[in-house]
Amino acid sequence: MPVLRMKPSANMTALLPCSTCQAIVPDRRKLTNDPTITSLETPFAREDFYPTFPCVALSAKAGCSLCALMWRRLTSIPREAAESISNGDKNLVWVSYEQRLGQLTATWDQKVKIRASFDILPLATVLPTGSIRHVDTSTAQSAPQHGVAVISVSISWQPLAGALRLVNGEIWKGDKCDFSAFDSIDLHAPQPEKRRNLPSSVTLSDENVSRIQCWIDNCLHNHPDCSEARTAPSSWTPRRLLKIDRDQGITIWLIESSESRLEGETRFAALSHVWGDTSVSAPLRLLSSNFSRLKNGIKESELPGNFADAARVCVRLGIRYLWIDSLCIIQDSRDDWREQSALMHLVYSHALITIVATSATSCHDGFLERNLDLMPMAEVAYSLPREDERFTSNNPCYMILYDYDNPLDIWRMHAINGSKWNTRAWTMQERSLSTRLVHFCRNKMFFECRGCLESEENEPVQESDTINSTLWPRSPDTSYEELLRRWELFVDEYMLRSLTVSTDRLPAIQSVAEEMAAATGQIYVHSAGMWQSNLEHELLWCVVFGEAKRPDVWRAPSWSWAAVEGPISLWQRDFRNSQQSRPGTLLHFLSLHSFQVLEIAQDIHGAGSINPGFLKVRSLTKTFRRLSKHHGSGGGGIFFPYDLIPDGSCDHIDPESETKVFAYGRLDIEQSADSGGVPTPSEMFLYLHVNNDRRNTGLILQAQRHTQPQDSQVWKRIGVATLFMDRSDKPILESAFGYADTPQEVILI
């Protein structure tokens with residue numbers, strides 16, 4: 001059995017070993033040459049009582065720092081309780097609300113078995129193609145790491161009696177917690193690319209600054225997709241920049257690029273951050289009234305935390321210029337804001353780096369402070385049996401375990417993807433368009449570009465890390481079809497993100513569209529957030545889950561996905577092939593009449609104009625006056641809960657509702673119960689056929705009242721519909737359309 005000892009640590013007071021924890025050792029010699037193995041089991045096993053775990057608590061009080069770390073998480077206790085243990089408070093018993101012991105069956109004896117394992121990742125190299133080459137663990141060169149790195153320790157506990165059923169009917173099989181682990185074998189690996197790093201207690205330490213510079217240099221010289229700037233010359237600079245002066249402390253000066261003699265090659269950094277609640281404390285902003293003052297210089301003490309920290313990063317990296325949105329765009333000038341916000345794709349793509357205040361929740365927080373010295377940890381020495389002479393008791397190893405403030409930070413990307421910064425609509429565009437990003441997370445840095453995703457701790461790369469759909473592709477080999485797919489998926493995620501100003505929904509994605517338009521030459525419909533060449537597909541967007549609502553103010557025509565606030569799906573797969581349909585079928589008849597876009601009026605001034613963003617099309621249509629919600633599952637199922645019932649006679653009778661149905665529908669906005677769950681028709685409804693092969697085949701439109709007698713009839717979108725039995729080619733009503741039906745012109749607003 002391996003011997004386990006605790007090494008002294010300034011953060012811990014109880015450092016004596018316990019005999020049970022001697023089995024928690026990362027013995028990699030058990031591994032086989034299989035890169036799919038992600039767990040290394042240990043013989044550690046301990047019985048205890050849930051939820052107070054008195055045996056672990058007793059061992060912690062006796063001096064086992066690993067048990068103290070473990071007990072703190074097993075009971076989800078606050079830090080004060082952990083300190084009470086170390087101070088010898090024998091009467092401390094604390095049960096978390098989440099455990100809800102009262103819900104467990106009364107007959108349970110509360111006995112659990114605790115086990116421990118190590119989470120590992122295979123050491124790998126990312127090839128220029130983006131694929132991963134794993135290290136061969138069968139060779140002698142792979143020892144002592146054996147082709148893997150230890151990432152964390154997983155402590156799990158399960159009821160000895162087996163799975164339990166809670167009062168609410170749920171099955172409970174126990175739980176687990178994880179601690180970030182650094183094994184000395186990984187910390188002292190001879191090859192730098194395989195060597196793990198302990199996080200620095202100081203964000204801008206010399207070691208970290210050197211690490212950032214190496215990341216940047218490697219990207220500049222080895223990543224062609226990152227250096228490919230297709231949208232403008234490499235010498236492009238923003239209209240305004242902040243010049244950083246550190247002669248007497250840090251001072252930043254607002255400069256106009258056209259008026260200033262920029263020194264040499266103008267390398268600048270851009271800041272991406274969350275403004276925070278501007279109604280409580282707005283960030284420092286460039287306004288028409290303070291323009292001259294900002295040009296005369298701003299002292300470090302006057303800067304919000306994020307701005308001051310960004311300037312400090314630039315100083316340490318030798319970057320003289322910085323771009324910050326609120327200080328480089330005149331915030332109370334609509335013309336300047338509109339002009340400069342449309343150029344953001346150039347700002348972020350031409351910045352040497354984008355400094356990301358990932359950990360900050362407002363502009364005042366700052367992002368360089370760390371609290372590693374306060375973080376609970378254990379430093380554990382161990383040695384392995386003499387089977388391998390490199391690991392004898394004379395050459396002991398050790399591991400360092402950290403208990404992060406947020407347990408989810410154990411996962412590599414959670415510090416970025418789980419941050420508040422990553423929930424904002426504007427920051428999605430900023431991340432997507434940046435060439436290189438340095439993320440300053442809590443206690444950890446990341447570097448992100450199109451060629452790699454590096455971490456301060458240098459965890460092994462994973463397959464998911466090489467597939468980053470957020471960064472917009474720059475390779476000239478990327479096809480228009482691939483960019484369209486990326487756009488549709490981008491919009492799907494974008495609509496889950498929040499905005500402070502509702503009317504920013506289209507402006508906050510405009511720069512991504514500008515980059516795509518510059519690369520493809522395609523026409524972007526600014527008023528709707530769609531591509532003219534792809535309207536037949538994009539018009540069929542739908543609300544996919546949860547509830548959507550209309551924004552408080554108008555921001556897009558009804559046929560645009562931006563007309564709602566909520567989760568939508570723009571991307572859809574084809575489920576039918578109308579080109580191979582049999583003659584005489586509804587699908588074959590539909591294929592004889594293509595959907596045509598006749599006219600698009602791009603109006604960006606809103607609903608105050610006569611026809612805000614109207615769309616004129618020609619296609620097959622069918623009027624109807626009844627839109628009935630299913631009682632029960634219905635023929636359209638959960639996804640299409642409405643029946644579309646035509647005006648004319650039909651020979652199809654829905655067997656459940658006993659009413660005539662030609663299509664199933666899904667509304668964009670569910671109506672209130674007072675209106676029976678269906679919209680109240682102003683005049684009539686219209687089914688507009690758009691596409692034969694997608695899951696959604698057409699739109700549900702509602703007639704709008706004429707403002708003048710001579711006005712043409714206009715329609716407003718209220719939902720989507722299908723003429724087929726969901727994803728099949730079986731029609732709901734074979735005679736829904738026939739040879740007597742011809743395409744009609746329709747105007748949507």
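Me: Which residues line the largest cavity?

Reply: This is a predicted model, and a search of the whole structure finds four cavities of 30 Å³ or more. The largest cavity holds about 80 Å³ of space, and its lining divides into four nonpolar, one polar and five charged residues. The residues that line the largest cavity are Y404, D409, W411, R412, A415, R442, N443, K444, F446 and E457.

Me: What volume does the second largest cavity have?

Reply: The second largest cavity is lined by I151, S180, R196, Y404, D409, I410, K444, E457 and E459. By class, that lining has three nonpolar, one polar and five charged residues. The volume of the second largest cavity is about 50 Å³.

Me: Which helices each supply at least two residues of the lining of the second largest pocket?

Reply: The second largest pocket has a volume of about 1200 Å³, and of the 40 residues that line this pocket, the closest to its centre are W337, W426, T503, D504 and P507. The lining of the second largest pocket divides into 14 nonpolar, 14 polar and twelve charged residues. The helices that each supply at least two residues of the lining are α10 (334-341), α13 (425-433) and α15 (507-520).

Me: Is α14 roughly parallel or roughly antiparallel to α15?

Reply: The axes of α14 (residues 480-494) and α15 come within 11 Å and cross at roughly 175°. An angle over 145 degrees counts as roughly antiparallel, so the description of α14 relative to α15 is roughly antiparallel.

Me: How do the residues of the contact of α14 with α15 divide by class?

Reply: On the α14 side, the contact involves Y480, L483, L484, W487, F490, V491 and Y494, which meet A508, I509, V512, A513, M516 and T520 in α15. The residues of this contact divide into twelve nonpolar, one polar and no charged.

Me: Which strands stand at the edges of the open sheet of nine strands?

Reply: The open sheet has the order β13-β11-β10-β14-β12-β15-β18-β19-β20, with mixed pairing. A strand with a single partner has one side left without a neighbour in the sheet, so the strands at the edges are β13 (298-299) and β20 (453-455).

Me: Which residue in β19 is the bridge partner of F440?

Reply: Strand β18 (residues 436-441) and strand β19 (residues 444-449) pair in the antiparallel sense over six bridges. In β19, the bridge partner of F440 is M445.

Technical notes:
Residues are numbered from 1 along each chain as its sequence is written. This is a predicted model: local features need pLDDT of at least 70, side-chain atom pairs count only at pLDDT 80 or more; totals for chains, interfaces and linings use all residues. Side-chain values use heavy atoms; hydrogens and water are left out. On a 1 Å grid over the protein atoms alone, a cavity is a set of points where a 1.4 Å probe fits but cannot get out, and a pocket is an open set with protein on both sides within 12 Å along at least five of seven lines; lining residues have an atom within 4 Å of a point. Grid points are joined across faces, edges and corners, and a volume is the space filled by probe spheres set on the points. Helices (H or I, at least four residues) and strands (E, at least two) are DSSP runs, numbered from the N terminus. Ala, Val, Leu, Ile, Met, Phe, Trp, Tyr, Cys and Pro count as nonpolar, Asp, Glu, Lys and Arg as charged, and the others, Gly among them, as polar. Two strands pair if DSSP finds at least two bridges between them. Axes are lines fitted to C-alpha atoms, for helices over the stretch in contact, and angles run from 0 to 180 degrees between N-to-C directions. Angles under 35 degrees count as roughly parallel, over 145 as roughly antiparallel, 65 to 115 as roughly perpendicular and the rest as oblique. Contact means heavy atoms within 4.5 Å.
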